[in-house]
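Below are some questions about how structural terms are applied to a protein chain. Each answer sets a value against a definition.

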Amino acid sequence: MLRRSFLLAAGASALSACSDGQGAGSETGRAGGTPIPLKHARYLKLQRHDGYTVARLRAPVADQSGGQAQEQEAVLVLAPREGVEPRLPPALRDATLIRTPVMRIAANASSDEAFLGQLGVKDRLVAVGGRVSFDDDVRRGVMEGRIGQIGYNWHAPPNLDVLLAARPDVFLMRLSDLAHTPVLDRARRLGVIVAPTFAEDEPTYLGRAEWIRLHGLLTGREAEAERLFGQIEAKVEALKTAAALRPAVPMLWAYPAGGDRWVATVRGAEQAYLADAGGRNLLLRPEDPRKWSSETLATEQILPVADQAQVWIVGDLHAAPPRSTVVESVSPAFRADRLFANTGRSNLSANAYDWYQTAFVRPDWVLTDFVKALHPDLVSEPFRFLKPIARGVYK
C-alpha cells in the first residue's frame, strides 16, 4: 500500500521524557499551571505557568517490526527568548527547553511546513525534507540552496550534516519508522533542539489541525493560531450542520491499486470526512485505532456495493490504471459523471501534492470539497483538493 505517512497508525517519535504526572509543578512548586483549553487534540496538552508554557506531547507508536504498540511522550518548556532562563521545578528537569519565538526552523514533515505557512512564518524555514513542497517559495528556496534538504520523515532519517549546518533554533521532527530513533538521539547529543510532532497521529481531523496552537506558541503567533483554528472549527461545524439536514448519499472512496486490488477508505479521520459531509460509506468498517484508515480490498469486495455508489472518489496520487473501467461503470456515479480525485492541488512537474501537506492544517477546506461533491447546492466556492475527473482517469 503506497499511502503516505498520514494514513498510518504509526509514525510518532520515540522520545523519552517525563510522564503525565511529572512536570505538574510551577516555579514555586504549586501543583499545575493554567491549562490552555484544547477541544480536539488528544496527544497535546498545554499549560501556562509563570514565565513559561509547558507542552506535553504523547502519542501511540506502532512497532513496525511487529511488536506491541508503545505510547511515547515528550515535554517541552517554551520560555521567552528575552529574559533569564526560567527556574524549573525538579519535575521538569528532563524537559526540552525552547526559547521563543523560534526564528530558524527545520522540519522533516510536509505538514509542519503547512502549519508554518498558514501562520505566515514559512520564511523561517532553514531546512525541510526536500524538493517536493507544494509551496512554491519553499521549493524554490530548496532548489536555490537557501533551504537545506534533510530528508522527508516517510523516506529516510534526517541528514545530520545538513541539519547542523542549518543551525535551527528547533527541529520539528516526525518519525515514520522507529528504526530512525538512533539518529534522533544522536541529533540531541549533538546539541540540536528537537521537538516531536505527533499531529498526524491524531485520530480526528480537527485534532490534527489543532496542533497549530503549538506552532503558534513556538513562533510567537499564538493569537493568529487561535483565531485561525477558531475559523476552521466554525466552518466545519456549519458544514456538518447543513449536510446533516440532507439524506445521506451512498458513496465510495476507493482507488485502483493494480490488478484486482483497490485501496479503500473504511474508517478513521478520512472516513469522518465522508460522514460529516453527508455521505454513507458503502465500505465502512468498525473503528480500530490499531488499524489504518484504508484497507486493500479485492474486486470481489468492491463489486457488491459498487452499483449503489452515487459519488465515487476513485482518483488518487497512487492510483494505478486498471485493465478496464468495468468495476466503476456499474455505479450511478460513473453514469452521472460524479467521479472525483483528491489531486486537485497538485503540481505534477514538481511531484508536489498538497493533499499530504495543507490538508492536515485546513480540514475546513477538505470538508468543503466533500460537501460540494455530495451536495453541490450547499457550497458555492470552487473545489480545492478534490476535482471532478473523466471516466477512466485516476489522477
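Q: Why are α8 and α12 called oblique to each other?
A: Angles under 35 degrees count as roughly parallel, over 145 as roughly antiparallel, 65 to 115 as roughly perpendicular and the rest as oblique. Helix α8 (residues 268–276) and α12 pack at an angle of about 50°, so the two are oblique to each other. Their axes, lines fitted to C-alpha atoms over the stretch in contact, with angles running from 0 to 180 degrees between N-to-C directions, are 9 Å apart. Y273, L274 and D276 of α8 make the contact with P363, V366, L367, F370 and L374 of α12; contact means heavy atoms within 4.5 Å.

Q: What kind of model is this, and how are its residues numbered?
A: This is a predicted model, in which local features need pLDDT of at least 70 and side-chain atom pairs count only at pLDDT 80 or more, while totals for chains, interfaces and linings use all residues. Residues are numbered from 1 along each chain as its sequence is written, and side-chain values use heavy atoms, with hydrogens and water left out.

Q: How do you know that the span of α12 agrees with its number of residues?
A: The expected span of a helix is 1.5 Å times one less than its number of residues. For the 12 residues of α12 (residues 363–374) that should be 16 Å, and the end C-alpha atoms are 16 Å apart, which agrees. Helices are DSSP runs (H or I, at least four residues), numbered from the N terminus.

Q: What makes α12 largely enclosed by the rest of the structure?
A: Buried means under 20% relative accessible area, exposed over 50% and partly exposed in between (1.4 Å probe, protein chains only). In α12, 12 of the 12 residues are buried, so the helix is largely enclosed.

Q: Why is K372 called buried?
A: K372 has a relative accessible area of 17%, so it counts as buried. Leaving aside neighbours within four places in sequence, K372 is in contact with V379, S380, E381, P382 and F383.

Q: How do you know that the buried residues of α9 are on the same side?
A: In α9 (residues 299–306), T299, I302, V305 and A306 are buried. They cover an arc of only 140° around the axis, which puts them on the same side of α9; the arc is that of the directions from the helix axis to the C-beta atoms. On the other side of α9, E300 and P304 are exposed.
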